[in-house]
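Subject: A structure to look through

Dear colleague,

I am passing on the structure below, together with some notes on what was found in it. Please keep it open beside this message while you read.

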Amino acid sequence: MSDFNAWRSWAAGLDEMAFARLWRALGAVAALRPMRGALDEWLDRVAAHAVQTGELGWTLPPFAEPFAQRLQGATAQQWLDRWQARIGSRLDKAPLRIADWPSIEDDPAWLTALYRVAPVASLRLPLLSKRMLGWPLRMAALEDVDRGALRDATGLWPASGLARVVGSDAQCFACDVLLLSGEFDAHAAKLDGGQVSANFIIARSAMPLSREVHARIIALVEATEAGGFVLFEDDPGIDLPGRINGFVEQLSHARRVDVAACLAFRDSPRPAIVGLCDELARFTILRVARRLQARSRNVQRATRLPGPLRAELDSILPHIPDVPAPAARAPSGLESLGSDTVQQSDGLESLGGDAGAEEAFPAADAEAAVPDYERPVATYEQESAGASRLVEALEALERAEAAVSANRYLQQRASIVRDANEIPASHGFVAGLPARVRVHIGPPDRESNALPEPFPEDALPQELDSWDLDVWLSEPTHLPQPLGAAIILHRTGNSTACTFEFTPTAAEPFNGRISVLHRGRVIQTAALRASVSASEAASANGTAPVLESVLQVKRRLADPDRRRYDLAYVLNHAATDQPVAHAMGGQRAWLSNLRVVEKTVEDINALLSGVARTARDYAGGLDSDKGKTLLRNLAELGNYLHLYLVEPQRAGAAGAARRQLFDGEFIQVVSTRSDAVVIPFEFVYEYDAPADDAVLCPHWRDALEAGHCPATCVHDETSFCPMGFWGLSKVIERHALQADLALEGEVGLQSEPVAGRDTLKIAGAAVFGSSARVKDDQLGPLRQRLLAAQLDGHQAADWADWKAQVGQASPSLLIALAHSDGAGRAATIEIGGKPIKTIGITAAHIRASAEAGEHPLVALLGCDMAGTGDDYANPVAVFSTRGAAAVVGTVATVLAEHSAEVAARLMQGLTFADRTQTRRLGEAMRELKRNALLDGELMPLCLIGFGDADWLLSN
């Protein structure tokens, strides 16, 4: 028999309501676990503790334990009588905090009994909250039906002004509220690896609530690093948008989160369960107000704050209460019976969070201090009087911070250690002597060497008061392994500093790379160059360490639905012209010499280009013998790429680190030099290399359709499978360089999605042109796809006509079925039989004017447009730099007569029959390749995208 049923039998003479009152009293005393005294003393302690903490602790008392037997020293009726005499109704509106779900109780009857007398009752999760809620609330979902519910909720007042929907599919990695429904185990598998994080989960269960379902929601909490949840059984009678709106409304009145969640989901057809860590349970938007006031004081001290922005803050901030930091709360008393619950601190452990719990009650007036979740605690009785003002203040503050924070820079200060003394490395490093490089971000410092360009701090999530940044230093000659560290960048002033210590090994130039990452993506990377002398005597002629060649890779990571990437590759050259890949992910980083993969890259290019020349022999795709042989050969070559770029590091990883880094789904590739080797990461093959007699996996179609291999698949040398290739299993974001700024050296990047402008709408007009080698009747498939997408297609006769068509039509899509020739500065690109130099492509070939609001998507399909077989003057780089939002190119030759078919497949993958549908560019590119293989087409495997994979495609 469960403990609850045992207690119910013990109090069999009570009706349900009376037992509920008894049940609350028993658990409240059990939470304090008094070791001596009588019942009246116990109840007095319960009342005093509730007044002191602002909440009522509760623990289910195990029926057979010795302590619980002391509770049975009074009869059930005596308990009720003494509670009424000593406490009465004073604690009826105290938020009840329960020491988690008791291990012996399978069914929620024990909790339902509490709800009869304590409508605000929440399970206390033994977690530390890592973040505070943002304001306005950022809401996200994984499924279309849930996104629909959120859209409906945010169409209601006050959620319409105080919440917004972010993200699409599994792309909302930083949200305040995550709505989930359906099979929880499937969600847990999808969320494993940290791609999505949330502060609070609203989950509707298809199964009756039980301890098992509770365990599953806890797994989702852990997967998303959430601080709490509300769990309810799905029922058609639940007005979910209305409940969500009610949650926002309660929060807008400065209610605690546990109060807001319980009241919003009160009176459901079946009781909802709320579970929260202490920090999140006690959070109110007063904390947002307090943080805004602190940030405003910082920014108003800045002398560079423009007058209009200062005036805007001065007009808004007086309406935001300057809430003092609260006094620390007493322990909640849940160090409890049969529970693993441990006492937590009340402080937020996140950067920029406020230590301490929420509003402390004054000790002078005990009656006024009795907890009452309905009592107003601030000037937020109406949304328009407070909560909406917080949103206005936040927007004004972000504008002001952006204006004064642009003058902070990535900086380094280097020294050498001689005879235990640290001296500036003013003449470079010395072989054999320890060197130290301190790195920080801040205003210009005379003692430090800074990059000429500001650090792009506006790229960081603006809902935080400070940011965790990962910093890596790599160097192919003097550092056997990259060195990693973390720094904290606050809103103003200097960041914390990190120190890299190493000993140069020889008198060869130090050619390092410093990369700064946030959420797994590279934000800024720079070269750190210095001379290295063989001896102290020679060091007088040396060159001091200096940062140069800035590359700001991500200017806009601030949007909440920006995904966390698992692995980032930065491709650059060392001083000896050795091509190097610097890989970073999680707590690991390593260097790879790209010279060893150059021949493999050439072989992949040649193999695919050979298919283009004899495409008819490969009709039927993977259902044909030649198609299977091609995929087996590509898998063998791709496994070499895996061997050189990934495998040595993967072998030493295990558990969660391996899943996140090497089995993760999102990869970023950044080329920082115009002549860097273009590695076709899409062809990295991570399964075992197939033997010569290996067979195509019989489940390959099922794997492509599902997006993952069945659990029964064996990925050894006896078989090969399309899902082993990164281009079919992962999202790869590749950034192109600005070829027009320099034909040598390192440069910046192209347009990116930002808040309010994150959608590539492929609608209206398209301009396309083709090489003279493409016959007009071969353009039929492309014309049909343009027509199906309701695009007004304009065919350009040559590049001059192309420019004119762009100026007149302002197209959202450009398609060049071109022929490229030459290399380097002599490279040309031809349509209509008239070639021009590749570097001669101007912004006017891409956009109607510099002031035009939209950047088009560009497809360049022809001879190795991505540049795996060329040095650096490839067309993708030029189009990327001069105005394209994103560019799709080819990693091998696609002959003219086949390019229109490939373009048609591309159009099919990037446009949708349902005009309300959207999809991220990275996922769309991956899916169109899967569908192409299912339809017997092989050449679309050559397609790769350049630009931000998070562009949202829409018709």
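The protein chain has a mean pLDDT of 81, and 82% of its residues reach 70 or more, where pLDDT is the predictor's confidence in each residue, from 0 to 100. This is a predicted model, in which local features need pLDDT of at least 70 and side-chain atom pairs count only at pLDDT 80 or more, while totals for chains, interfaces and linings use all residues. Residues are numbered from 1 along each chain as its sequence is written, and side-chain values use heavy atoms, with hydrogens and water left out.

Two stretches call for care. Over residues 328-366 the pLDDT stays under 50, and the model has 113 contacts beyond four places in sequence for them, a contact being heavy atoms within 4.5 Å. Over residues 738-751 the pLDDT also stays under 50, with 53 contacts beyond four places in sequence. Where pLDDT is low, the predicted coordinates should not be read in detail.

As for the overall picture, the secondary structure of the protein chain comes to 27 helices and 40 strands; these are DSSP runs numbered from the N terminus, with helices being H or I of at least four residues and strands being E of at least two. Of the 955 residues in the protein chain, 60% are buried (buried means under 20% relative accessible area, exposed over 50%, and partly exposed in between, with a 1.4 Å probe and protein chains only). Among contacts between residues at least 6 apart in sequence, 77% join residues at least 24 apart.

How many disulfides does a search of the whole structure find? The search finds zero, a disulfide being a pair of cysteine sulfur atoms within 2.5 Å. Cys709 is in no disulfide, and its nearest cysteine sulfur, that of Cys721, is 3.9 Å away. Cys713 is likewise in no disulfide, with the sulfur of Cys697 as the nearest cysteine sulfur, 3.9 Å away. Cys709 counts as buried at 15% relative accessibility, and Cys713 counts as buried at 13%.

Turning to the strands, two of them pair if DSSP finds at least two bridges between them. An open sheet of three strands has the order 29-40-38, with mixed pairing, and its edge strands, strand 29 (759-761) and strand 38 (918-920), each pair on one side only. Strand 38 runs antiparallel to strand 40 (residues 952-954), and three bridges join them; Thr918 has Ser954 in strand 40 as its bridge partner. Helix 27 (residues 921-934) lies across strand 38 and strand 40, running at about 90° to strand 38 (axes are lines fitted to C-alpha atoms, for helices over the stretch in contact, and angles run from 0 to 180 degrees between N-to-C directions).

Finally, strand 33 (residues 819-821) and strand 34 (residues 828-831) run antiparallel and are joined by three bridges. Their hairpin has six residues between the strands, and Gly822 there takes a positive phi near 75°. Strand 34 also pairs with strand 35 (residues 834-837), in the antiparallel sense over four bridges, and Ile829 stands opposite Ile836 in strand 35.
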